[in-house]
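Let's take a walk through this structure together. Keep the picture open as you read, and look up each spot as we get there.

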Amino acid sequence: MSLEINLNVSNKNELDMEKVYDILIIGGGPAGLNAALYSKRKGLDVGIISYDLGGQVMDTSSVENYLGFPSISGEGLMKKFIDHVNILNVPYLEYVHVKDIKKSDLIEIHLEDGNTFKSKSIIIATGSKPRKIGIPGELEYSNKGVCYCAICDGPLFADEEVVVAGGGNSAVEAAIDLSKIAKKVTLVHRSNFRADKILVDQLLTLDNVQIKPETQILEVIGDKFMKGLIVKDRLGNREYTIEAAGLFVEIGYLPNSDPFKNILALNSKGEIIVDKYGRTNIDGIFAAGDVTDTPYKQIIMSAGDGAKCALSANEYINTLK
Amino acid sequence: MKYLNEEVKNQLSEILSGMKDEVNILVFTKEEPCETCEETRDFLNEFASVSNKLNLEMLDIKTDALKANDYNVTLTPSIVLLDKERNYKRIKFNGIPTGHEINSFISSLMEVSGNTSELPADISERLSKISKPMNIKVFVTLSCPHCPGAVEKAHKLALENNNIEADMIEAQTFYDLSEEYNVSSVPKIVINDKHEFVGNQSFEVFLSEMEKELV
């Protein structure tokens, strides 16, 4: 039980619909926040439109690969980011979804709630969402055992047996976290681990964690609730059942690019295609972080991307004058 | 202070300076065995010391059974917020509102104090048509960053419509209840024990589910 205090301190600056901003940033994760910091320091009129400030990092229990922070909670790191941006009084709007964007002389951002904001340039930093496995039973048992947020739902599986699907850092971290709560954790992955060695080594020391590489999940089974998984051992070509009350899916992410797909060029994965300046195919529209086709989705890279886009957008705005 | 360090206390003090009127916080606990009753009392004692607009009242679910009954309190610990005139606003926190849930607790305190937020016109109109009693349960864990948003919305709906009652329920403390309501992802929202959904969804989704009860 979390008796520590996770207080969110929001600022009171609000976005103005009447105004034309220099840069509006869509997204409040590492990319969006760092873009805000760099834009504001250039003296630009900037605002953030987001759903959840902090973004996906908030769902990460522990971050150990952000330079300068040997070990910090995802939320703790994002609080530092948000506090830093707050010092500069950047206005933001939270808990809204963008419907689409339109480019004329200016760029209009249309929200699902009907509101519209205007800007000379925008930086899209909407990040990504968890990818689903796409197997029978996954949807049926979603929220009945199948989960996509280990730190949120982990406490509900105290003393139960659970499975984590995936082989990257997120999956291994989820398995390590869950091992402290659940009776037994089985980590299942289609091929071999691509997680950092330091994390895998930590995982291997845990008594209640079992690892099944080269194993494919075929189906989620159960009655009213999930009861287990049918998996296939790819080397032995053998099918069997793993009993489990929960399946935590950590197999990667899908870009949140839907609102932009009508006007921006996307690659086959749905990621926004950007050049080395963070420019999209439309003048004045930049994109940063996990929503783009930049390789390796990492907090520090997203933050760096955000800085790059802010500097690029600054140059773009100077050409308008 | 055990729960609030100096930094958090200062931040809280600044946020709570935005309260308009006084708010009465009723804390229902019971003698042992009670998971988190003592922690809840300690936490709220610290919390209430931050603002002079917070009046704390410690009650026992057995010896103060009549009061518990007035506010439909069945669980311990349970926290009921009353406005300055001691009107029941139909919102409760069942379980300790620490972790992320401190944010929904603050938001509801603000609302009950009279520092209210405005609902979009279309939502407000649909809400005014909810003419039957509605009970909204929001199951949360304290480590869930998405949960306070769902609690805030449920509470806001209850504050704006006398037919609606909204309860936060901390799923770990009330394990049996969570089992009964099949909670395996949070936030899980259950309306009139019949309609349910998962996630910090929009007011629109809350209303659509409640409107099913009107047909």
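We'll begin with the overall build of chain B. A compact globule of 215 residues would have a radius of gyration near 17 Å, and chain B agrees with that, at 16 Å (the radius is taken over C-alpha atoms, and the globule rule is 2.2 Å times the number of residues to the power 0.38). Before going on, a word on what you're looking at: this is a predicted model, where local features need pLDDT of at least 70 and side-chain atom pairs count only at pLDDT 80 or more, while totals for chains, interfaces and linings use all residues. Residues are numbered from 1 along each chain as its sequence is written, chains are lettered from A and ligands numbered from 1 in the order in which they are written, and side-chain values use heavy atoms, leaving out hydrogens and water.

Back to chain B: its C-alpha trace spans about 50 × 35 × 35 Å along the principal axes. Its secondary structure comes to eight helices and eight strands (DSSP runs numbered from the N terminus: helices are H or I with at least four residues, strands are E with at least two). Of its 215 residues, 58% count as buried (buried is under 20% relative accessible area, exposed over 50%, partly exposed in between, with a 1.4 Å probe and protein chains only).

The peptide bond from E32(B) to P33(B) is cis, with omega near 0 degrees, and P33(B) sits in the loop between β1 (23–29) and α2 (37–48). Another cis peptide bond joins V186(B) and P187(B), with omega about -10 degrees. P187(B) belongs to the loop between α7 (175–180) and β7 (188–191). N182(B) lies in the loop between α7 and β7 too, and its phi is near 55 degrees, a positive value in a residue other than glycine.

Next, salt bridges (a side-chain nitrogen of Lys or Arg within 4 Å of a carboxyl oxygen of Asp or Glu). How many are there over all chains? The count comes to 27. In chain B, K84(B) pairs with D21(B), with the closest N and O atoms 3.7 Å apart. This pair links distant parts of the chain, 63 residues apart: K84(B) is in the loop between β3 (78–82) and β4 (88–94), and D21(B) in the loop between α1 (6–16) and β1. E57(B), K67(B) and R86(B) are linked in a salt-bridge network.

Over in chain A, D201(A) and K197(A) meet in a salt bridge of 2.8 Å, N to O. Both lie in helix α5 (residues 197–204), four residues apart, about one turn of the helix. K197(A) counts as exposed because its relative accessibility is 61%, whereas D201(A), at 34%, is partly exposed. K308(A) and D305(A) also form a salt bridge, 3.5 Å between the closest N and O atoms. They're three residues apart in helix α6, about one turn. Is D305(A) buried or exposed? At 9% relative accessibility, D305(A) counts as buried.

D159(A) is in the loop between α3 (150–153) and β9 (161–165), and it is exposed, with a relative accessible area of 61%.
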